[in-house]
Amino acid sequence: MNKEKLLEVEKLNIKFLTSIGDVNVSENINFHLKRGEIFCIVGESGCGKSVVALSLTRLLPENAMINGSIKFEGVDIANLEDKEFAKIRGRKIATIFEQPMSCINPVMRIGNQIAETYRANFKCSKKEAKEQALKKLKEVKLPINRYNSYPHELSGGMQQRVMIAIALACNPQLLIADEPTTSLDVTVQYQILELLQEIKEKYNMAILMITHDMAVVHDMADTIGVMYAGNMMEIAARDAFFQQPLHPYAQELLNVVKDPCNYTIPGTVPNLMESFLGCPFEPRCNKSTEICKTKKPEDIVMGKRIVRCLNVVPN
Amino acid sequence: MGKNFKIGVIMILFLAIIVFAGPLIAPYDPNDVNMSIRLQGVTSAHIMGTDQLGRDLFSRLVYATGTSVKISLVVVIVSMVIGFVFGSTAAFLGGAVDEFLMRIIDVFMAFPTKIFTIAIAGILGASAFNITLALIITSWAVYARMVRGCVLTAKEMPFIDAATALGANRFYTIIKHVLPSVFQPLSTFAFQRIAHTMMAIVGLSFIGLGVQPPTPELGAMISESKNFMSTAPHLFIFPGLLISYVVFSFNILDDSLRDYWDPRIKSELAL
Amino acid sequence: MIRYIFRRLLYLIPVLILTSFLAYMLVYLSPSSPAQIILQSRYSGDPTQEQINDFNQEYGFDQPILIQYASWLKNAVRGDLGKSLSDGSEVLDDFIYSFKASAELYFSSQLLALIIALPIGVYSAFKANSIFDRISRAYSLVGMSIPDFWLGMLLVYVFSIVLNLLPSFGYTSPQNIILPMLALGLSSSFSLIRLVRTSVLEVLHLNYIRTARSKGLSEGQIMMKHALRNALIPIVTVVGIHLTHFIGGAVAVETMFAWPGLGNFFAKAAGNQDIPVIQGFVLLSAVFFIFANLIIDIICKQLDPRIDYQNEGGKNNG
């Protein structure tokens, strides 16, 4: 067991049981995170990124079936009893979501929402919790007189700062950020990202970030995971990825970035209700061959890189 | 559709038979007085016993259910039609007309419904016709407000403007697109109101302001039975059970339909 | 806040004027004229044309309707709503007396309904689709189908007639309130259970509940600190509206138990075509109803810090 690895996900399968059939949203996903690393999962909407992120802390609805191993600090947390798991969620792994407005309780003062997190995980007095909350407000650069504000009295960017302060309340080791900047203005986005960087440095925290924004990936990521239709198509270090993406889907994503006005990937994201015989990207892929239609691609490991494509030749 | 839906449909079909084929089911004339057999319990000749005037309780119940349900249906349908005309007029004409019509609706809705109904029923004099009228007067405004809301929403839909811009006749577009979008919520709402109206009718008849004896009606029958509670409890128990049966059959159907229309699949995926 | 209330009050003025006009005009729905009705009750027989003319002149019924209405309203504002035709008592006094009786019965029964419905509804939502939830849903669906006065009769049958434990009707001893309160309270609790369940269930699906879970709160803490407070807003609204219906809302139960409340009193007056009482009660109850609704609105706004008073209903996210 490599001590550096904080989170190690292996063969993660997630499906939703619905009244109209099963939906596979994650197929055999493998990835890992080190302390102090920022790992970005990128992909178009509806390809299962958020589901993977939420599954790590058991935030999916009850009809989600999760299979596989999720090791956190060497312990398989996927099979922990709820009671044991409660000691990790919020305290060691925290989550921030998109649309902060709907994710913080609208009728509770923000300071209390931060303090409450601390108290839920550490036995302490109300006063101590309040002190901790004030400290966190300062850390996310909110004026401490905002302690008694209600969420609707704050701007979107400030609300996201509150969200971050809530997540940081217990000094977690892993922060899961699910599209943290999607609903924000561009300038505010930049400030929030900067804040996340700063905090990461300070606590040597790992961040698992979900986004569909390549610019964010470029600014933030140490490692990048490209997801498509429930499959992790490619995992690569940032520089290697931007220099030469290997998977055709990753290449297409970068093509869009280079010419956002004119270039689009042909076709649309498939409905996950359908099951695929071969590679799910095959219908949209410009490099597909006959075999892609019938055979599912498997992970090809090349040093630090992993690619899930039948046409990539391992070197 | 679930099990509840089936139960509801079967219960309502059975109810429809009682309501519309009542005279064929009832073994006796509901108003046949025979004092020599008054206040009898269950016998082979009278399967639910007889009342304080020796009338066959079962026959009376069959007719009474018919009376209560028919009045509810009339009240709901007429209020729905008035509400539809009033509400859609307000929404289509808009401006000062809408403002004026809305104030009228506000006034009608400013009264506590029961007090208003009782006042009208009392002043008109208690009778089956007057209670129907009173209930219509006090319930149409709710429908009108609802229809107005639906029409306004539908009118704002982009496709109406789009169709008009493409040269379609505006009036025709509205008839074709707006009206159907009003119809579905309106009929669902009206269906819900049947049970509610039924409760109001039996309540008003119970306090003596609705259907008058000797006409058989469930609430009035319970009221008549009050003095015989200790000697002949079946006189109040059976009509009460029937009211509950009728209201329950509408409630369960409404409930199962609501579950069915719920966008369940979306919430299951939670994406 | 003050400005909001002021604006609402201003808006109420035309509604109140139209309402009072409608209340007054109710009399003219009758097939017979007020004089006929009143003289009939006075002389217990058909009045002569001469008596009718005299009466109309004496009480101003020969004046145009608007003038009649104006003088009635002028007296009403001064607290003089006339006298009852049946016993000559002041309408306002009758209203106040029966208001008190109604309020006792209605508030206690609604409190009972809340005590029953809150825990059942919350637990039902918390364990949605469990056996408990299914049973409670079926129970409330059946309960909602039972008329309140009939439930009252069943209670009387069991507790007064069979067991001989409690008085079946009247307003003389404190025990009298038990059965009508049970009948009304149980009756209201059924629909309240469903309302509580739906409201809580709706809140439980919101994003900030997920956040609360991600923060490491236990399910109990999530329920108490996050779900309930928010679910309370629609519940308070509905309970408030229920409370405003206490004028007349309990009429059948009041009649059943001979409870001297507003509903009972009013139903009797309506049955006797006691015109001054009908007009007065309709007016007073409408005024009460309108203001009670205003108060509920204000309370709801207090509970929900999101609603701002300048821009009504504008910003309502979440």
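In the predicted model, 38 residues of chain B are in contact with 41 residues of chain C. Contact here means that the C-beta atoms of two residues, placed from the backbone, lie within 7 Å. On the side of chain B that touches chain C, at least two residues each come from α4 (95-110), α5 (113-124), α8 (170-206) and α10 (234-261) of chain B. Helices are DSSP runs of H or I with at least four residues, strands are runs of E with at least two, and both are numbered from the N terminus. The largest share, ten residues, is supplied by α5(B). By class, this side of chain B has 26 nonpolar, eight polar and four charged residues. Ala, Val, Leu, Ile, Met, Phe, Trp, Tyr, Cys and Pro count as nonpolar, Asp, Glu, Lys and Arg as charged, and the others, Gly among them, as polar.

The model is predicted; local features need pLDDT of at least 70, side-chain atom pairs count only at pLDDT 80 or more, and totals for chains, interfaces and linings use all residues. Residues are numbered from 1 along each chain as its sequence is written, and chains are lettered from A and ligands numbered from 1 in the order in which they are written. The predictor gives the complex an ipTM of 0.85 and a pTM of 0.79.

Chain C also touches chain A. Here 22 residues of chain C are in contact with 24 residues of chain A. The most, six residues, come from α9(C). This side of chain C divides into four nonpolar, ten polar and eight charged residues.

Chain B has eleven helices and zero strands. Its C-alpha atoms fill a box of roughly 80 × 50 × 35 Å along the principal axes. Of its 271 residues, 44% count as buried. A residue is buried if 20 or more other C-beta atoms lie within 10 Å of its own, exposed if 12 or fewer, and partly exposed in between; C-beta atoms are placed from the backbone. Among contacts in chain B with a separation of 6 or more, 67% join residues 24 or more positions apart.

Chain C contains 14 helices and zero strands. The C-alpha trace of chain C spans about 85 × 60 × 30 Å along its principal axes. Of its 318 residues, 37% are buried. Residues at least 24 apart account for 71% of the chain C contacts between residues at least 6 apart in sequence.

The mean pLDDT of chain C is 82, and 95% of its residues reach 70 or more; pLDDT is the predictor's confidence in each residue, from 0 to 100. Over residues 309-318 of chain C the pLDDT is below 50, and this stretch has 15 contacts in the model beyond near neighbours in sequence. Where pLDDT is low, the predicted coordinates should not be read in detail.

Within chain C, G240(C) lies in helix α10. G240(C) counts as partly exposed because it has 18 C-beta neighbours inside 10 Å. Leaving aside neighbours within four places in sequence, G240(C) is in contact with I296(C) and I299(C). The C-alpha atoms of G240(C) and N293(C) are separated by 7.9 Å, although these residues are 53 apart along the chain.

Chain A contains an open sheet of four strands. The order is β2-β1-β4-β5, with antiparallel pairing. Strands pair if DSSP finds at least two bridges between them. The edge strands are β2 (21-34) and β5 (75-76) of chain A, and each pairs on one side only. Strand β1 (residues 5-18) of chain A pairs with β2(A) in the antiparallel sense over ten bridges. L12(A) stands opposite I29(A) in β2(A). Helix α1(A) packs on the sheet and touches β1, β2 and β4 (64-72) of chain A; its direction makes about 70 degrees with that of β2(A). Axes are lines fitted to C-alpha atoms, for helices over the stretch in contact, and angles run from 0 to 180 degrees between N-to-C directions.

Helix α1 (residues 49-56) of chain A is largely enclosed by the rest of the structure, because eight of its eight residues are buried. These are K49(A), S50(A), V51(A), V52(A), A53(A), L54(A), S55(A) and L56(A). Just after α1(A), R58(A) takes a positive phi of about 55 degrees.
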